[in-house]
Amino acid sequence: MKIILLGPPGAGKGTQAKRLAQELSFPHISTGDILRQNVSSGTDLSKEAKNYMDQGALVPDELVTQMVARRLNEPDIRRGFILDGYPRNLSQAESLDRILKNKNTGIDLVVYLDTSESVIIQRLSGRLVCKSCGVNFHIKNMPPKVDMVCDNCGGRLYQRTDDKEETIKTRLEVYKKEVSGLIKYYEVKGKLERLNADEEADIVLNKIIHLATEKAAK
Ligand code: AMP
């Protein structure tokens with residue numbers, strides 16, 4: 001099963017994708033995580049990407065699509081995968097279709113995590129991320145057991161530089177500009193399912209699993 005999680009920053013795509021990947025034993029592919037790994041290792045790719053990321057703007061399509069194409073060439077994606085943060089616009093959606101078509105496959109399910117603006121701001125402004133394993137926490141909603149230490153691996157937690165109020169605003173504007181085109185694209189193909197992602201993470205996860213199970217049975 002090849003699944004895309006679509007939704008605004010703060011919809012919980014990363015959290016849901018990681019848990020879903022464990023439940024379904026599929027790899028989780030997050031373009032944001034791959035870009036951040038590149039930035040922390042100082043690769044050539046990161047030099048170009050970092051400025052865009054710090055401003056909350058989209059990294060150029062070509063760069064991100066190349067990165068995704070490389071990842072989708074690895075053997076572990078054959079049974080399925082969960083894409084989080086890609087595609088971000090129509091051109092990326094079309095590129096993704098081309099990449100998968102060349103492998104005689106395609107996307108099975110696109111879950112749109114519909115989230116209200118107040119919930120987005122509240123989630124992003126309190127988000128903490130583990131530097132080692134990438135698991136997300138929240139200062140109030142999901143605090144770690146030990147201050148700034150990851151429950152999962154003991155790594156150090158940090159606040160993403162793009163989770164500042166000003167950058168959050170830009171990211172939301174970028175998202176709003178692109179999302180309606182993407183929604184239509186997958187709706188026309190009969191792949192899109194909408195969920196209310198303001199609900200608790202466990203409830204949303206169960207609903208996504210239900211959608212995936214239904215789709216697999218068809
Ligand atoms: P995310 O972790 O998905 O919120 O992504 C963090 C940042 O990485 C975004 O604000 C963009 O600057 C960049 N990014 C992630 N995915 C993409 C993508 N598919 N296209 C362009 N830029 C991306």
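Which helix gives the most to the lining of the second largest pocket?

Tutor: The model is predicted, so local features are given only at pLDDT of at least 70 and side-chain atom pairs only at pLDDT 80 or more, while totals for chains, interfaces and linings use all residues. Residues are numbered from 1 along each chain as its sequence is written, and side-chain values use heavy atoms, without hydrogens and water.

Helix 2 gives the most to that lining, with 6 residues. Helices (H or I, at least four residues) and strands (E, at least two) are DSSP runs numbered from the N terminus. A pocket is defined on a 1 Å grid over the protein atoms alone, as an open set of points where a 1.4 Å probe fits, with protein on both sides within 12 Å along at least five of seven lines; its lining residues have an atom within 4 Å of a point. The second largest pocket holds about 590 Å³ of space, a volume being the space filled by probe spheres set on the points, which are joined across faces, edges and corners.

Helix 2 spans 31-41, and at least two lining residues also come from each of strand 2 (28-30), helix 3 (44-55) and strand 5 (127-130). Of the 25 lining residues, Asp33, Arg36, Gln37, Ser40 and Tyr158 lie nearest the centre of the pocket. The lining comprises 8 nonpolar, 8 polar and 9 charged residues. In this scheme Ala, Val, Leu, Ile, Met, Phe, Trp, Tyr, Cys and Pro are nonpolar, Asp, Glu, Lys and Arg are charged, and the others, Gly among them, are polar.

Asp33 also forms a salt bridge with Lys18, with the closest N and O atoms 3.6 Å apart; the term denotes a side-chain nitrogen of Lys or Arg within 4 Å of a carboxyl oxygen of Asp or Glu. This pair joins helix 2 to helix 1 (residues 13-24), its members being 15 residues apart.

Helix 2 likewise gives the most to the shell around the ligand, with 4 residues. The shell has 16 residues, and the closest are Thr31, Arg36, Ala57, Gly85 and Gln92; a residue counts if one of its heavy atoms lies within 4 Å of the ligand. By class, the shell contains 7 nonpolar, 4 polar and 5 charged residues. Among the polar contacts (pairs of N or O atoms within 3.5 Å), a backbone N or O atom of Gly85 is 2.8 Å from a ligand nitrogen, and a polar backbone atom of Val59 is 3.0 Å from a ligand nitrogen.

How values were computed:
A polar contact is a pair of N or O atoms within 3.5 Å; within protein, one must be able to donate a hydrogen and the other to accept it, and residues adjacent in sequence count only if both atoms are side-chain atoms.
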